[in-house]
Each structure stands twice: as C-alpha cells, then as structure tokens.
Amino acid sequence: MNYKIAPSILNADFWNLEKEIKAVQCGGADFLHLDVIDGQFAPSISFGPTVIESIRKHCHLVFDVHLMIHEPGKYIPDFVNAGADIITIHAEGNYHLHRLVHQIKSYNKKAGVALNPATPISAIQYLINDLDMVLVMTVNPGFGGQPFIPNVLPKISELKELIEKKNAKVDIEVDGGITPAEAKMCADAGANVFVVGSYIFKNKAFDDKKRAVETIREALCAI
Ligand SMILES: O=C(CO)[C@H](O)[C@H](O)COP(=O)(O)O
C-alpha cells in the first residue's frame, strides 16, 4: 500500500517554520497539510492564503489545504492562486457541496470532502465518484493536540466499502490525534493518508522532526 504522510503545521513553531518544514521534507513527508480555520466554522483562527503562498515558493510537497471556514466557495480562487494542490471542504457547511467540489475541480485541483466525527458516510454517498479524497476527522475540528476518537474507526471501514462498491478512486485521509499506533489502526481500517500534527511538532521525544515522521512511516511499513 502506498501510504502518504501529511504533517499538519497547525502546531508548528511559526518562528522556525522554514526549519520545521525542511525537517519533515527530509523525513519523507508526502503532503504538507495546511489547516485554514476562521473562528466561525471551527473555534480557532489559523492562517490564510498569503501564508500558504509564501511557503509554496520554497516547498515541493503536495499542498493539502483543509478549509474549516464559513463560505469556502468565496475563497477557493485565493487558495488555488496560493498554490494548493488538494482543496478539502467540509460536508457540514451551509452550501451546495456538489457545486463547490466541481468549482475546485474546474481549476484542475484535487477535491476532498471532510467529515466531522458525528457526520455519517451517507453525507457523501452520492458524491463519492466526484471526489479525489475523503478526510475523516478523528477529532472535532479547530485545534491540534486533541485525543483520537476511536469510535470513528468503523466509519473508515464503511467508507472503504462504499469506495469499493462504487468503484471510485478516492484517498481516505485521517486527521486528528494520530501517532504511530493510531496510524496503524486507521490503516488497518482502510485509511491511506495520515495527517500528523502534534506528534511531530509538539513532541518532546524528538529533537529532530525528521525522526518523528520516520517513526510514522516505520509503523505503516510494519503492517
Ligand atoms: O484539522 C486539524 C484541527 O482541526 C488538525 O489537522 C489536526 O488536529 C492535526 O493535529 P493533531 O495531530 O495535533 O491532532
């Protein structure tokens, strides 16, 4: 299985962002996960397209932009111009999900839909063949460093079944509270993309963030 590791910079040291991102690149990260939060859709404020554009000039990773914002459709062109490769919007927003997914695809970008822990798979049942990725939230959105919610695991297996049944080509990304142990559990359930924040960026066990990424890869390689 071709597993992808997506470090989330939400809990990185922004003073040392260049060093932090270079370390995860060296550790073999595949994606850079960029959490955009507006204080309305989810209860914190992170960063926007100008920060992403600055990083884009220096980083070759796939930019995986997770929009936890009100009215994401207004800002999709800004994130496209900032250098996003994948844009994920939430299923729970008050908008036409199908329309926005196709808006993202109209820019030749990959489109993802995220599901909060309490949102069922049925929310994307009739959209699955239009998607490139489904992001299964394993914490409630808004903050890094929250504990993994194990009750979400059956949802990953259910999603995998739906993808196979509909003959769709869709990545299953998990996000929230991921350490090597949770990455393994999620991979066993069917996930193939792993967002990892605090385990990499707020972990006293690792002086070198590169090594933290490697330990996630080692856990996945042992499956
Ligand atoms: O989407 C998010 C929060 O809304 C973060 O990506 C997620 O929580 C990752 O951080 P951690 O690994 O620390 O849980």
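Visitor: What stands opposite Ile-89?

Guide: Val-113 in S5 stands opposite Ile-89. The model is predicted, with local features needing pLDDT of at least 70 and side-chain atom pairs counting only at pLDDT 80 or more, while totals for chains, interfaces and linings use all residues. Residues are numbered from 1 along each chain as its sequence is written.

Visitor: Why are S4 and S5 said to pair?

Guide: Two strands pair if DSSP finds at least two bridges between them. S4 and strand S5 (residues 110-115) run parallel and are joined by 5 bridges, so they pair. Strands are DSSP runs of E with at least two residues, and helices are runs of H or I with at least four, both numbered from the N terminus.

Visitor: What makes the crossover from S4 to S5 right-handed?

Guide: From S4 the chain passes through helix H4 (residues 97-106) to S5, a right-handed β-α-β crossover. The term means that, with the strands pointing away from the viewer, the path from the first strand over the helix to the second runs clockwise.

Visitor: Why is S4 called mostly covered?

Guide: In S4 (residues 86-90), 5 of its 5 residues are buried. A residue is buried if 20 or more other C-beta atoms, placed from the backbone, lie within 10 Å of its own C-beta atom, exposed if 12 or fewer, and partly exposed in between. Ile-86, Thr-88 and His-90 are on one side and Ile-87 and Ile-89 on the other, so both faces are covered.
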